[in-house]
Amino acid sequence: MSTLCERYRDVMERIARAARAAGRAPESVRLVAVSKTVAADAIRELAALGPVILGENRVQEAAEKIPALAAGGAFTWHLVGHLQGNKARRAVELFAMIHSVDSVALLHRLETCCRETGRTLPVLIEVNVAGEAAKSGCRPEALPALVEAAGELAHVRVEGLMAVPPFLDDPEAVRPYFRELRRLRDAWAGRCRGAARLEELSMGMTNDFEAAIAEGATYVRVGTAIFGPRNG
Ligand SMILES: *Cc1c(COP(=O)(O)O)cnc(C)c1O
């Protein structure tokens with residue numbers, strides 16, 4: 001049976017291989033190890049690897065884990081799940097980066113929280129590329145308003161786009177959604193003002209991260225391939 005560190009290294013190798021196959025430098029893709037539902041004690045093992053980015057999808061769960069692991073290793077925490085406005089302040093306290101900003105109201109809320117604490121917060125705009133009713137993320141039509149609003153902010157720095165496309169067994173079937181996210185980034189990158197820019201693409205999970213890298217992912221968010229299947 002492979003250990004957590006071995007599975008992490010295996011994913012890193014697959015990332016490097018996929019990057020090279022796409023003519024890209026392996027360092028141009030960063031791994032976010034999605035540790036949602038995984039207990040702090042289990043995560044601690046990864047400290048042996050050196051700096052690791054961990055992804056959580058719930059503020060409440062992260063609020064318990066992050067302090068428990070604060071002294072345990074070089075962990076950086078990213079929020080990858082939907083964020084409600086009333087949890088924005090807590091999220092600003094806990095996370096180094098938020099991948100899932102999906103409204104102008106949330107951008108403004110985060111800006112207020114960051115101004116009060118004097119910190120700068122890198123964020124990504126989550127786009128609902130497939131227009132799925134049950135999913136968070138802004139509709140592609142709403143992206144111009146977010147890019148416009150991002151140009152006005154002094155503390156929240158929009159750095160790119162994120163997507164959670166439909167889950168499909170065949171990663172090749174997910175590719176058109178990755179391509180669409182990249183197209184949106186390329187289309188709007190030139191319209192950014194202020195500190196905002198659209199460079200990063202957070203896309204690709206356990207089942208499809210290699211296809212996402214082929215389409216330009218700069219962050220992949222991988223849970224199951226590292227931590228094993230989640231219950232529930
Ligand atoms: C759970 C989750 C992931 C990781 O999914 P796996 O299929 O386990 O790799 C990535 N992104 C988000 C937003 C998630 O909620």
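This is a predicted model: local features need pLDDT of at least 70, side-chain atom pairs count only at pLDDT 80 or more; totals for chains, interfaces and linings use all residues.

User: What does its side chain reach?

Analyst: The Glu-61 side chain reaches the backbone nitrogen of Thr-37, at 2.6 Å. That side chain also makes a polar contact with the side chain of Lys-65, at 2.8 Å.

User: Which other residues is Glu-61 in contact with, leaving aside its neighbours within four places in sequence?

Analyst: With those neighbours left aside, Glu-61 is in contact with Ser-35, Lys-36, Thr-37, Val-38 and Glu-56.

User: You mentioned Lys-65. Is that one buried or exposed?

Analyst: Lys-65 is buried, with a relative accessible area of 6%. Its place is in helix H3. Besides the polar contact with Glu-61, the side chain of Lys-65 makes a polar contact with the side chain of Glu-56, at 2.8 Å.

User: Which residues is Lys-65 in contact with, again leaving aside neighbours within four places?

Analyst: Here is the list: Ser-35, Lys-36, Thr-37, Val-38, Ala-40, Ile-43, Glu-56 and Trp-77.

User: Thr-37 keeps coming up. Where is that found?

Analyst: Thr-37 is found in the loop between strand S1 (30–34) and H2. Thr-37 is partly exposed, with a relative accessible area of 47%. Its phi is near 70°, a positive value in a residue other than glycine.

User: What about Ala-68: which residues does it contact beyond its neighbours within four places?

Analyst: Ala-68, which lies in helix H3, is in contact with Ala-40 and Arg-44 when those neighbours are left aside. At 40% relative accessibility, Ala-68 counts as partly exposed.

User: New topic! At what angle do H5 and H6 pack?

Analyst: Helix H5 (residues 104–117) and helix H6 (residues 143–150) pack at an angle of about 20°, and their axes are 9 Å apart. An angle under 35 degrees counts as roughly parallel, so that is how H5 runs relative to H6. H5 passes H6 in a right-handed crossing.

User: Which residues meet there?

Analyst: From H5 you have Val-104, Leu-107 and His-108, and they meet Ala-145, Leu-146, Ala-149 and Ala-150 in H6. Sorted by class, this contact has 6 nonpolar residues, 1 polar residue and no charged ones.

User: What about Thr-112, where is its place?

Analyst: Thr-112 has its place in helix H5, and at 27% relative accessibility Thr-112 counts as partly exposed. Thr-112 and His-155 are 43 residues apart along the chain, and their C-alpha atoms are separated by 8.5 Å.

User: One more. Where does Asn-128 lie, and is it buried or exposed?

Analyst: Asn-128 lies in the loop between strand S5 (121–126) and H6. With a relative accessible area of 4%, Asn-128 is buried.

User: What does Asn-128 touch, not counting residues up to four places away?

Analyst: Asn-128 touches Lys-135, Ser-136, Gly-137, Cys-138, Arg-139 and Pro-140. The backbone oxygen of Lys-135 lies 3.4 Å from a polar atom of the Asn-128 side chain. As for Arg-139, its C-alpha is 5.4 Å from that of Asn-128, though the two residues are 11 apart in sequence.

User: Last one: is Ala-48 buried or exposed?

Analyst: Ala-48 counts as exposed, at 65% relative accessibility. You can find Ala-48 in the loop between H2 and S2.

Note on methods
Residues are numbered from 1 along each chain as its sequence is written. Side-chain values use heavy atoms; hydrogens and water are left out. Axes are lines fitted to C-alpha atoms, for helices over the stretch in contact, and angles run from 0 to 180 degrees between N-to-C directions. Helices (H or I, at least four residues) and strands (E, at least two) are DSSP runs, numbered from the N terminus. Angles under 35 degrees count as roughly parallel, over 145 as roughly antiparallel, 65 to 115 as roughly perpendicular and the rest as oblique. A crossing is left-handed if the near helix is turned anticlockwise from the far one by less than a right angle, and right-handed if clockwise. Contact means heavy atoms within 4.5 Å. Ala, Val, Leu, Ile, Met, Phe, Trp, Tyr, Cys and Pro count as nonpolar, Asp, Glu, Lys and Arg as charged, and the others, Gly among them, as polar. A polar contact is a pair of N or O atoms within 3.5 Å; within protein, one must be able to donate a hydrogen and the other to accept it, and residues adjacent in sequence count only if both atoms are side-chain atoms. Buried means under 20% relative accessible area, exposed over 50%, partly exposed in between (1.4 Å probe, protein chains only).
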